[in-house]
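Student: Hi! Could you walk me through this structure with me asking the questions?
Tutor: Happy to, so let's take it step by step.

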Amino acid sequence: MGTFLALVRRDLALAARVGGAGGLSLVFFLMVVTLIPFGLGPDLNLLSRIGPAILWIAGVLATLIGLDRLFQADEEDGSLDLMRLSPAPFEVVVLAKATAHWIATGLPLALFAPLFGLLVALEPAALARTALSLLVGTPALTFAGAIGAALAASIRRGGLVIAILVVPLMVPPLIFGVAAADPANPGSGQALSILAALTLAMGAVGCLGAAAALRGGE
Amino acid sequence: MQLAVDNLACRRAGRRVFDGLSFRLGPGEALAVTGRNGAGKSTLLGAIAGLVGRHAGEVSASGIGDRTLAESLHLVGHRDGLKGSLTAEENLAFAAALLGSQALAPADALARTGLPGAAQLPVAYLSAGQRRRVALARLLVAHRPLWLLDEPLTALDTAGQSLLAGIMAEHLAGGGLILAATHAPLPIEGAGELRLGA
Amino acid sequence: MLTRLANPATFMRVSGYALPPLATAAALLAAYGLYLAFLASPADYQQGETVRIMYIHVPAAWLSLFFYSIMTVSALGTLVWRHPLADVSQRAAAPIGAAFTLVCLVTGSLWGKPMWGTYWVWDARLTSVLVLFLMYCGILTLWRALDDPGRAARAVAILTLVGAVNVPIVKFSVEWWSTLHQGASVFRIGGPLIDPAMLRPLFCMALAFTCFGLALHLAGMRTEILRRRVRTLTLLQAERLERAAA
């Protein structure tokens, strides 16, 4: 537990300091949400209908862009070797790093979704549901991303590779996330439960898979 | 603790690095690993630490209780594992939390390696030699019997080298083990030598 | 059997004997199957002649999953049993599986044009095959991106296993999603309603595709083993040069 907290604290400090990526994904999120109406036209009815989908796709893209440095930065400077020598199981290391990454990228998206949802004319009920679905579902995106980031940690300029590896894993959370965000959808409650289940399952698969990919000595 | 390496062989991307390497290291003993560039000095340290795959052979340790070998050693390599935007103290406190079995406080460890005033400075502001001293201070914030040092003397001035010599002598006197990959002779009396690629 | 075949040299010998008959069987079955499919079977009373696309489409769909299963077993072989041929098998299976998945997608879309009036419908079945194809693309990308063969084998094995968990989840999600959005006109293949006159060419073609796929897999494995031998020999030569220079 001490190791877990130390790692989370350190990664959050790194994200907040000079050169860190904290806040970056939020700005990118806003960019995508702004860009889509320019492509679609300013029809508020259309935008409000597909608003939850816009926010979710922006969330997926914003999660993707920060992933390439999740493990690579620590692999390059030797910090990952230090973590491999820790008595804590490597799954805990992955869980801590993914948690810190989510706090720095996923959580702000969920918190700011109600604000950005106004740009795409979402009703108050839809705003609340979209924020809730992002809060429940973005951890699944981060854990899926952690697998890709771990597999591509040694690849220089691995960002594109990570996106290709990870997008198929993000399809199910996207489907249920958007369904859970729509208040008019009678199955949205069920979708939210399934989304929560996906987050838990992805958490387990992500930690095991990423740890297996990063553990040394193979 | 006692370290035993038997018939160790390593490959890098299928290429032979070394074969049939055997040696023993006991409490209070130091061994300098020498050899030309590419002879596999760093690979050997990595293989003992379990970070690099072993192609064949055995690395075993006794006298470390229920801890694994990886949990009983320090590795200070050319990739120093320091984050530039964190202060020296934050870097060391993190390493101590990660490695467990805490020993000196970060500020005291820095004082021992000759950087008493650097605790609050971000590591990015330090020179190469100062960074090296911060990395070496990691040896003191967590107690681990086996020290694997990759070129510990590089980037250190003479004052730094004699400080390091004192720290290493103290570690050996306390029953510690040191395995150092090095070009320059180690400032340790009675250190053995293991030549790779001869 | 498996332990005996574990030795690449034994595998090369045995697969050398197995390959020609397998390839011949594939060719004969395909010839007979195509004859049945194009000449000796009736057109569908609803779909007309387009139903004949199914004789390619369905076996390709079957092989796309079959090869993913081969890769999953091979991935376990790499990670759990550390079988020396496991990652050779996986490496050979990936492009073949991807190719059959692509064939399945293309034929499905060709069949969709006359049936649905458009080349692509976000039908649950087609969509999950598309995601499967994306996963194959990911695996092939990872193979190409990592140059250390040992590390690549391990990474791809992990990705394959994660993908194997993902395939049923995607299938479930996409089915849930497509019933939510529209009641797409899903033509059900299989089931007891299909006419025996159509079942026979379908079965024959599925068998032909399986033999063909396995023959390709064996040939791919042999090529991969030879490629690795060349690599080892090149490394040895470099070492010898170095020793001569020293």
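Tutor: One idea before we start: buried area is the accessible area, found with a 1.4 Å probe, that two parts lose on being put together, summed over both. Keep in mind too that this is a predicted model.

Student: How much area do chain A and chain B bury between them?
Tutor: The contact takes 25 residues from chain A and 25 residues from chain B. Carbon and sulfur atoms carry 62% of the buried area. In chain A, the residues that lose the most area to chain B are A:Arg17, A:Leu82 and A:Leu85, together 33% of what that side buries. The total that chain A and chain B bury is about 2100 Å².

Student: Which helix of chain A gives the largest share of the side that touches chain B?
Tutor: Across this interface there are 9 residue pairs in polar contact, both residues at pLDDT 80 or more. On the side of chain A, α1 (2-16), α4 (69-77) and α5 (79-84) each supply at least two residues. The largest share is 6 residues, and the helix that supplies it is α1(A).

Student: How many salt bridges does the rule find across the interface of chain A and chain B?
Tutor: Side chains of opposite charge can pair when their charged atoms come close. Here B:Arg79 and A:Asp81 meet in a salt bridge, with N to O at 2.7 Å. For the interface of chain A and chain B, the rule finds 4.

Student: How many salt bridges does the rule find across the interface of chain A and chain C?
Tutor: The contact takes 25 residues from chain A and 26 residues from chain C. The two chains bury about 2200 Å² between them, 79% of it on carbon and sulfur atoms. The rule finds 4 residue pairs in polar contact there, both residues at pLDDT 80 or more. For salt bridges across this interface, the number is 0.

Student: Which helix of chain A gives the most to the side that touches chain C?
Tutor: Three helices of chain A, α8 (124-151), α9 (159-181) and α10 (188-214), each supply at least two residues of the side that touches chain C. By class, that side has 19 nonpolar, 5 polar and 1 charged residues. With 10 residues, the helix that gives the most is α9(A).

Student: Within chain A, why does the salt bridge of A:Asp74 and A:Lys97 tie together separate parts, and how far apart in sequence are they?
Tutor: The side chains of A:Asp74 and A:Lys97 meet at 2.5 Å, N to O. A:Asp74 lies in helix α4 and A:Lys97 in helix α6 (residues 90-104), so the pair ties together parts of chain A that are 23 residues apart in sequence.

Student: Is A:Lys97 buried or exposed?
Tutor: Buried means under 20% relative accessible area. A:Lys97 has 2% relative accessibility, so this residue counts as buried.

Student: What pattern does chain C follow along its sequence?
Tutor: Chain C has 7 helices and 0 strands. From the UniProt record, an unreviewed entry, come several transmembrane regions, including residues 124-143 and 197-219 of chain C. The span 124-143 is 100% helix, with its end C-alpha atoms 29 Å apart. Read along the sequence, chain C follows α-α-α-α-α-α-α.

Student: Which side chain makes a polar contact with the side chain of C:Thr107?
Tutor: C:Thr107 lies in helix α4 (residues 86-116) of chain C, and at 11% relative accessibility C:Thr107 counts as buried. Leaving out residues up to four places away in sequence, C:Thr107 touches C:Ile53, C:Ile56 and C:His57. The polar contact, at 3.0 Å, is with the side chain of C:His57.

Student: How many residues apart are C:Arg228 and C:Glu224 in helix α7 of chain C?
Tutor: C:Glu224 forms a salt bridge with C:Arg227 at 2.5 Å, and the side chain of C:Glu224 also meets that of C:Arg228 at 2.9 Å, N to O. C:Arg228 and C:Glu224 are separated by about one helical turn because their spacing in helix α7 of chain C is 4 residues.

Definitions and conventions:
Residues are numbered from 1 along each chain as its sequence is written. Chains are lettered from A and ligands numbered from 1 in the order in which they are written. This is a predicted model: local features need pLDDT of at least 70, side-chain atom pairs count only at pLDDT 80 or more; totals for chains, interfaces and linings use all residues. Side-chain values use heavy atoms; hydrogens and water are left out. Contact means heavy atoms within 4.5 Å. A polar contact is a pair of N or O atoms within 3.5 Å; within protein, one must be able to donate a hydrogen and the other to accept it, and residues adjacent in sequence count only if both atoms are side-chain atoms. Ala, Val, Leu, Ile, Met, Phe, Trp, Tyr, Cys and Pro count as nonpolar, Asp, Glu, Lys and Arg as charged, and the others, Gly among them, as polar. UniProt positions are given in the numbering used here, feature names are shortened, and annotations may be inferred rather than shown by experiment. Buried means under 20% relative accessible area, exposed over 50%, partly exposed in between (1.4 Å probe, protein chains only).
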